[in-house]
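Let's take a walk through a protein and look at how its side chains pair up.

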Amino acid sequence: MTTQAHTGHHNHGAHGDHAAHAAHDAHADHAAHAGHDQHADHAAHADHVAHGAHAAHTHGGHDGGVPGGLQVTQDGYTLDLAEKIVTTGETEFRFRILGPDGLPATEFDAIHDKELHLIVVQRELTGFWHVHPERQADGTWTVRLNLPAAGAYRAFTDIAPRALGRTITLGADFAIAGDYRPGTAPEPERTFTIDGYEVTLDGDLVAGEGRLLTLTVRKDGELVTDLQPYLAAYGHLVILRAGDLAYVHVHPNGEPGDGVTAPGPDVTFHTAVPGRGTYRLFLDFKHGDQVRTAAFTLPTV
């Protein structure tokens, strides 16, 4: 099955504005944090990440024990989609973030250079879009999306409302009308190829435990040692559980320019998932001035 590419408002040269193709382009804008190049540092973060909490490298936290992204409302903030049913093809996707007073929130702290990160997935986790909408003066966010197939979808927003003082992830369902043929998530896999690149995944997901995942990038069989930063990171990882779409968004260990983090071929993440299950992992990386996504399916062990 194919991981769809993205539509958005950032220009990436040949990809235009996150142009939609089946080439899996994705848009990571997630900075890591310096000082975590040594694995010993990660133990201190294990408990926080294992609970999906707001650890240094992770979005998609618990609220009262609920994994990230499963709630349309959290801490008084609500993801309000303008339309719950849309049509296939090019569409203007619109939504608001309503604050505790029921009015559109307009003040957000930046998360890795953006006020809001929007991730859209098909329920079967075969399609994935990571884009950055523009906020209008009235608090409405808009972005052009090219959604090619009918079916059930979910939208996630990573936001840090200024009044709240921390990051939360909201999620809401919508659907695309048309001839829908339900499917399942792709079978487990640890190698992904795209445009001559081969990305391999090393490591395991263990329910309730923080573990290291390392993704290694090759191009035409050669190790890539000159990955490009995309908004201050060499990669970012979104992890979604098949079935309920519990959401974890992880940033890599180390950051470009910290003096210790190499620009490939390995991108390493300290990762934990909220429970047992089969997960779909989407890695964004940039090389040759283009951003691509490698997708993997991995069950917990």
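A salt bridge, as used here, is a side-chain nitrogen of Lys or Arg within 4 Å of a carboxyl oxygen of Asp or Glu. Keep in mind that you're looking at a predicted model. Asp244 is partly exposed, at 27% relative accessibility, while Arg241 has 14% and counts as buried, because the cut-off for buried is under 20%. Salt bridges can also share partners, and that is how Arg123, Arg154 and Asp173 end up joined in one network. By this rule, the count for the model is 14 salt bridges.

Now find Asp179 and Arg181. This pair also forms a salt bridge, with 3.7 Å between the closest N and O atoms. Asp179 is exposed, with 62% relative accessibility, and Arg181 is exposed too, at 69%.

Next up is Arg292, which forms a salt bridge with Asp195; here the closest N and O atoms are 2.9 Å apart. What parts does this pair tie together? Arg292 lies in strand E20 (residues 290-299), and Asp195 is in the loop between strand E12 (191-194) and strand E13 (197-202), so the bridge ties together parts that are 97 residues apart in sequence. Arg292 is buried at 7% relative accessible area, whereas Asp195 is partly exposed at 42%.

On to the rings. To describe a pair of aromatic rings, you give the distance of the centres and the angle of the planes. The count here comes to ten aromatic pairs. Take Phe108 and Trp141: their ring centres are 5.8 Å apart and their planes sit at 70 degrees, so this pair is edge-to-face. The two residues are 33 apart in the chain, with Phe108 in the loop between strand E5 (89-98) and strand E6 (116-122) and Trp141 in strand E9 (residues 140-147). Both Phe108 and Trp141 are buried.

Compare that with Trp129 and Tyr153, whose centres are 6.2 Å apart and whose planes are at 45 degrees, so the pair is tilted. Trp129 belongs to strand E7 (residues 128-131) and Tyr153 to strand E10 (residues 151-159), so parts 24 residues apart in sequence are tied together. Trp129 is buried, at 1% relative accessibility, and so is Tyr153, at 0%.

Finally, a charge can meet a ring: the charged end of Lys219 sits over the ring of Tyr197, 5.3 Å from its centre.

Note on methods: Residues numbered from 1 in each chain as written. Predicted model: local features only at pLDDT ≥ 70, side-chain atom pairs only at ≥ 80, totals over all residues. Heavy atoms only, no water. Buried < 20%, exposed > 50% of the residue type's maximum accessible area, 1.4 Å probe, protein only. Helix = DSSP H or I, 4+ residues; strand = E, 2+ residues; numbered from the N terminus. Phe/Tyr/Trp six-rings, centres within 6.5 Å; stacked < 30°, edge-to-face > 60°. Lys NZ or Arg CZ within 6 Å of the ring centre and 35° of its normal.
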